[in-house]
Amino acid sequence: MTHRERLRQQLLQLDDRGYKAYKDIQGTYDFGEFTLIIDYVQGDPFASPSQLRVRVPQSVAGFPAELYRSRSRSIALRDYLTRQFAAACREVSHKRGTGKSGAMGVCSMGQEVLERSSALVSDAEIEVRFVVGLPAQGRRILGRQAAQMLCEDVPQIVDRALKFDRLDGAEIARHVETVEDADWLRDRLEVLGLVAFVADGSILPRRSSVDDRPLSADAVPFESPPSLRVEFDCPNRGKISGMGIPAGITLIVGGGYHGKSTLLRAIELGVYNRIPGDGQEFVVAHPAAVKIRAEDGRHVAGVDISPFINNLPQGRSTTAFSTENASGSTSQAASIMEALEVGAQVLLVDEDTSATNFMIRDRRMQQLIAKDKEPITPFIDRVGQLFAEFGISTILVMGGSGDYFDVADTVIGMDEFRPRDLTEKAKAIAREYATGRTPEGSETFGKLPQRIPLPDSIDPSRGNRAVKWKARDVDEIAFGTAEIDLSAVEQLVDVAQLRAIAEAMVYAKHKYADGRRSLGEILDAVMADLENRGLDAIAPFPQGNLAMFRRFELAAALDRLRTLQVIT
Ligand code: ADP
Ligand code: MG
């Protein structure tokens, strides 16, 4: 009897038994063309679904090595296969039984192409990890339906999604070539002295704040101003032109509703690659570009915010500032210092989500409220020092204050969704109308902070259960008994990233946080393990629902863990 037949018989015999009896099917089955591995069987129809894998040898799958020979291509092909597998699950499987039972799927996918643990590709084989809600009626096993799902549907899905001959070769090529070109463009930025590139013809507006697909009708395609235009010769697509944003301090100005924030948002997401047809697949940003915003109410643990904030009422320290409930300005200062601590090279700031008193303090206010009564040194007095002393660039949306003309290197004006180079004009205005401001703050920015996290303060346990965490959409991780609010961490795009971050926090605590290593050193070590061994490095067992994140977002989650304690 073949393994497939044996599994079928076993499932038929389980019919109508109590749900726990499903545990017997855990194991590895040779289905001939591929191997089915049942790694984990859920204990209950309402619990998180069972985790399975298929392994298809390349002799059957037949993907040319060309499609995965570089890191970029391999990540893109894995993304493509995950999407195909998900689509085939939707077509082939349908709901059977109670609750979530009878459902089959992979992770949900947005517009980004992220490295994921859902699919792996090698010269030997393709592996895809997926979940199945083993079917039940109440708490009784539906054995016939389970046999149908695992022994009929799964082979059919493999057939549709994981065999090169059955797929659209041109579409796959476009997928891997697009991602490879975007990575190539991002790699070029630094040597050309750029921090971002927005290709001509890009579609920046999205359908809505909850629908990240491109706005289709009425979207004005991006068209670079000639003076900021750069041209590249990409490996696959050939010539491409667009706007290069130089290192330094860049202002995005313009009237309300003229597309300033939309441009910045595209740049924020330019740290990721996007699928072909997205409209932003050739908008790329420096990989260490970090969005900064005000986030009142957040937790802050021992951050040196003194470059921005000093002499708080009641003599509170700002060299190791801790609070359970930051204000707009202190939260924004803390987020900047935390980003710098872990290696941010470009800060992205939008006036819409900034604290006004953190951004500007004009001449009249300087006259009314003397410096010794104002703890804040506004960003305008530090932004130039950050570039001069550390080479850290800033892209800032600022429609409300011309004071920044003095410190800007480049001024881009958005006019009915079309960018103009207003640098010369803004500089002339700055010469003609002096702000009369007195520069505030010290001569230099000072040094960047380094904190040492205490491992005991990172505790994922909950009562007597060893490790317990859960990602809730892209906004929150429940970590042990704490809730980590990530709704203001705007460069997180996928719930699978939050799951991976939670795993990485536990991994970092056990493996590297020892009360001596700094946060930066811990992140270096964790990210190096991920680079070398992939997402499986941080997961206790093979699971398909993790996606890659950056060190900045891992740091952001740790920084927002309310129990976190540090040595400074
Ligand atoms: P601002 O920050 O300048 O006030 P936004 O970037 O918020 O403006 O854009 C205002 C509106 O215009 C948004 O609804 C956005 O989706 C839309 N929009 C932005 N860019 C474009 C474009 N290129 N074509 C069409 N609509 C756009
Ligand atoms: Mg705006």
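Let's start with Ile369, which is partly exposed at a relative accessible area of 31%; partly exposed sits between buried, under 20%, and exposed, over 50%, using a 1.4 Å probe and protein chains only. Ile369 is in the loop between helix 9 (363-368) and helix 10 (383-390).

A quick word on what we're looking at: this is a predicted model, where local features need pLDDT of at least 70, side-chain atom pairs count only at pLDDT 80 or more, and totals for chains, interfaces and linings use all residues. Residues are numbered from 1 along each chain as its sequence is written, chains are lettered from A and ligands numbered from 1 in the order written, and side-chain values use heavy atoms, leaving out hydrogens and water.

Helices here are DSSP runs of H or I with at least four residues, strands are runs of E with at least two, and both are numbered from the N terminus.

Now, the metal. Which residues are the protein donors of the magnesium ion, ligand 2? They are Ser261, through OG, and Asp352, through OD, lying 2.1 to 2.2 Å from the ion. Donors are N, O and S atoms within 2.8 Å of the metal (3.2 Å for Na, K and Ca), and water is not among the atoms, so sites may look incomplete. The two residues are 91 apart: Ser261 in helix 6 (260-269), Asp352 in the loop between strand 21 (346-350) and helix 8 (356-359). Ser261 is partly exposed at 26%, while Asp352 is exposed at 57%.

Last stop, Asp494, in the loop between strand 28 (482-485) and helix 12 (495-511). Asp494 is buried, at 8%.
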